[in-house]
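Then we'll walk through it piece by piece.

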Amino acid sequence: MSIVGMVETKVYLPGEVVRALDETARRLRRSKSEIVRAAVASYLSPDGPEALEAALSRRLDRLSRQVDRLERDLTISNETLALYVRTWLRNVPSLAAGDDAAASDLARERYARFIDALARRLSAGKLLRNEIGSDEAGAAKGET
């Protein structure tokens, strides 16, 4: 917009609003006049409330999808852990009283290997949810 046709006006704003305007102008690298002009135009626009509602609706939809994915991932994690613990408890024999020290050493060694394998898997981007998604896609196509 050119300066021709513009009218200068004086507006009084509270200090906290001016500080927020200064910070926003600095952050966005825009002039304060440009920000105020856009804000006033948006406020006076007849479709302003509808545009705001549409923007909020899009944002809520996105957040809802993210929460759905988090819920799915958490369910997969919980079921994976439960299945592992159930299988482990079923297959690991009880220890004799004298075997506690050796079993503790072996447990520490196995745990360290588990953590190393987990770190390698995560750093390589191999995630269980991706494998499950691939398995589901293959099952939908009739693959096994």
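The chain has an average pLDDT of 82, and 89% of its residues reach at least 70; pLDDT is the predictor's confidence in each residue, from 0 to 100. Among the elements of the chain, helix α1 comes out with the highest mean pLDDT, 94, while helix α5 (residues 128–140) has the lowest, 62. You are looking at a predicted model, in which local features need pLDDT of at least 70 and side-chain atom pairs count only at pLDDT 80 or more, while totals for chains, interfaces and linings use all residues. Residues are numbered from 1 along each chain as its sequence is written, and side-chain values use heavy atoms, leaving out hydrogens and water.

So what is the secondary structure of the chain? There are 5 helices and 0 strands, which gives the pattern α-α-α-α-α when you read along the sequence. Helices (H or I, at least four residues) and strands (E, at least two) are DSSP runs, numbered from the N terminus. Buried residues account for 5% of the 144 residues in the chain. For accessibility, buried means under 20% relative accessible area, exposed over 50%, and partly exposed in between (1.4 Å probe, protein chains only).

Now for a pair of helices. Two packed helices are described by the angle between their axes and the distance between the axes. Here, α1 (residues 15–28) packs against α2 (residues 32–44) at an angle of about 110 degrees, and their axes are 9 Å apart. That makes α1 roughly perpendicular to α2. Axes are lines fitted to C-alpha atoms, for helices over the stretch in contact, and angles run from 0 to 180 degrees between N-to-C directions. Angles under 35 degrees count as roughly parallel, over 145 as roughly antiparallel, 65 to 115 as roughly perpendicular and the rest as oblique.

Which residues meet there? From α1 come Leu-21, Asp-22, Thr-24 and Ala-25, and from α2 come Lys-32, Ile-35 and Val-36. Contact means heavy atoms within 4.5 Å. The residues of this contact between α1 and α2 split into 4 nonpolar, 1 polar and 2 charged; Ala, Val, Leu, Ile, Met, Phe, Trp, Tyr, Cys and Pro count as nonpolar, Asp, Glu, Lys and Arg as charged, and the others, Gly among them, as polar.

Ala-25 sits in α1 and is buried, at 9% relative accessibility. Setting aside neighbours within four places in sequence, Ala-25 touches Arg-30, Ser-31, Lys-32 and Ile-35. Over in α2 you'll find Val-36, partly exposed at 34%, and Ser-33, partly exposed at 48%.

Here are some C-alpha to C-alpha distances across this region:

| Pair | Apart in sequence | C-alpha distance |
|---|---|---|
| Ala-25 and Ile-35 | 10 residues | 7.2 Å |
| Val-36 and Leu-21 | 15 residues | 8.3 Å |
| Ser-33 and Leu-21 | 12 residues | 9.7 Å |

Arg-29 has a positive phi of about 55 degrees, although it is not a glycine. Is Arg-29 buried or exposed? Arg-29 counts as exposed, with 75% relative accessibility.

Last stop: aromatic rings. A pair of aromatic rings is described by the distance of the centres and the angle of the planes. Searching the whole structure turns up 1 aromatic pair. Tyr-111 and Phe-114 form a tilted pair, 6.3 Å centre to centre with 35 degrees between the planes. Rings of Phe, Tyr and Trp (its six-membered ring) pair if their centres lie within 6.5 Å; planes under 30 degrees apart count as stacked, over 60 as edge-to-face and the rest as tilted. Both Tyr-111 and Phe-114 belong to helix α4 (residues 100–123), 3 residues apart, or about one turn of the helix. Tyr-111 is exposed, with a relative accessible area of 54%.
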